[in-house]
Amino acid sequence: MAIPLSSILPAPSQPVWDRDDERAKSRTVTALVSASPTAPPYGQRRGWIPRSQEDFGDGGAFPEISVAQYPLNMGKESKESSSNAIAVQLDAQGKVKYDVIARQGHSKDKIIYSKLSDLLPAEVTTEDDPTLQRPDTSEIDETTEKTRLALERLTSSKIAAAMPVRCADKIAPAQYIRYTPSQQGSAFNSGAKQRVIRMIEAQKDPIEPPKFKINKKIPRGPPSPPAPVMHSPTRKVTVKEQKEWKIPPCISNWKNAKGYTIPLDKRLAADGRGLQQVHINENFAKLA
């Protein structure tokens with residue numbers, strides 16, 4: 001058995017530097033590795049969710065994973081375009097419909113007048129419309145008969161309600177109903193399998209008072225209009241009338257809280273002494 005020499009010789013006491021060994025250590029080995037993402041095998045996909053198109057590979061969606069999946073972007077809504085371009089549309093005559101530009105941004109129910117024909121009445125634009133044609137004689141006679149019958153029903157009901165003694169209303173004809181009971185046998189329904197029921201409307205008494213009382217208080221009608229107030233025609237007020245209507249301010253002989261200086265003539269005028277007439281008895285002249 002061969003024994004390596006390094007095991008016999010003692011370890012070197014000084015570090016040894018070898019250029020070849022240093023170059024060999026500094027070399028980096030690079031290898032091209034292609035990592036292709038693949039889905040986990042069936043039965044081991046718990047918690048795994050496909051995020052990108054590479055997760056689907058060449059196949060379709062994974063039905064056992066309950067998330068929205070779009071393999072090859074199938075079924076995925078495309079993002080709305082930010083362009084404001086409008087597709088060209090043609091009318092019945094093959095002309096370009098330029099009113100689409102005016103309708104952009106508005107609701108479909110909004111009425112927009114973009115052509116001269118839109119401003120014309122419908123009777124002018126649709127002259128050949130069958131609904132606007134004059135009716136024939138048969139339609140006129142049919143409409144007249146319907147109107148006459150409707151007016152007769154209205155007038156007959158009004159006349160019958162206004163009559164002092166009302167006649168009893170006519171009873172509708174009797175109706176016959178065939179009745180088959182669910183319980184069959186000799187112990188039920190007297191042994192009969194079917195019965196015929198005659199149903200008639202009960203006669204109403206025309207003089208019978210109403211069964212329901214109306215205690216609602218009816219408001220009174222408006223009273224008679226008030227008597228009109230007669231005014232003389234307006235006229236301009238003269239200066240004399242203005243002076244006659246002028247009322248002098250009240251001046252007290254006892255109170256002057258604000259300390260106003262009131263002349264004596266104003267006090268005498270407010271006192272009312274000038275309105276009194278001094279009458280001297282004639283006996284004073286005889287006494288003198």
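What is the volume of the largest pocket? It comes to about 190 Å³, and we'll get back to that pocket below.

## What you're looking at

This is a predicted model, where local features need pLDDT of at least 70, side-chain atom pairs count only at pLDDT 80 or more, and totals for chains, interfaces and linings use all residues. Residues are numbered from 1 along each chain as its sequence is written, and side-chain values use heavy atoms, with hydrogens and water left out.

## The overall layout

The protein chain has nine helices and two strands; these are DSSP runs numbered from the N terminus, with helices being H or I of at least four residues and strands E of at least two. Along the sequence the pattern reads α-α-α-α-α-α-β-β-α-α-α. The radius of gyration is 59 Å, well over the 19 Å that the globule rule gives for 288 residues, so the chain is more spread out than a compact globule. (That radius is taken over C-alpha atoms, and the rule is 2.2 Å times the number of residues to the power 0.38.)

Along the principal axes, the C-alpha atoms fill a box of roughly 195 × 110 × 70 Å. Take contacts (heavy atoms within 4.5 Å) between residues at least 6 apart in sequence: 11% of them join residues at least 24 apart.

Rings of Phe, Tyr and Trp (its six-membered ring) pair if their centres lie within 6.5 Å; planes under 30 degrees apart are stacked, over 60 edge-to-face, and the rest tilted. Trp48 and Phe62 make an edge-to-face pair, at 5.4 Å centre to centre and 80° between the planes. Both sit in the loop between helix 2 (19–26) and helix 3 (99–103), so their pairing ties together parts that are 14 residues apart in sequence.

Phe62 is buried, at 10% relative accessible area. The rings of Phe56 and Phe62 are stacked, because their centres are 6.0 Å apart and their planes at 15°. Phe56 is buried too, at 9%.

A pocket is an open set of points on a 1 Å grid over the protein atoms alone, where a 1.4 Å probe fits, with protein on both sides within 12 Å along at least five of seven lines; lining residues have an atom within 4 Å of a point. Its volume is the space filled by probe spheres set on the points, which are joined across faces, edges and corners.

Lining the largest pocket are Asp91, Gln93, Lys95, Val96, Lys97, Tyr98, Asp99, Ser114 and Lys115. By class, that's two nonpolar, two polar and five charged residues. Here Ala, Val, Leu, Ile, Met, Phe, Trp, Tyr, Cys and Pro count as nonpolar, Asp, Glu, Lys and Arg as charged, and the others, Gly among them, as polar.

How values were computed: Buried means under 20% relative accessible area, exposed over 50%, partly exposed in between (1.4 Å probe, protein chains only).
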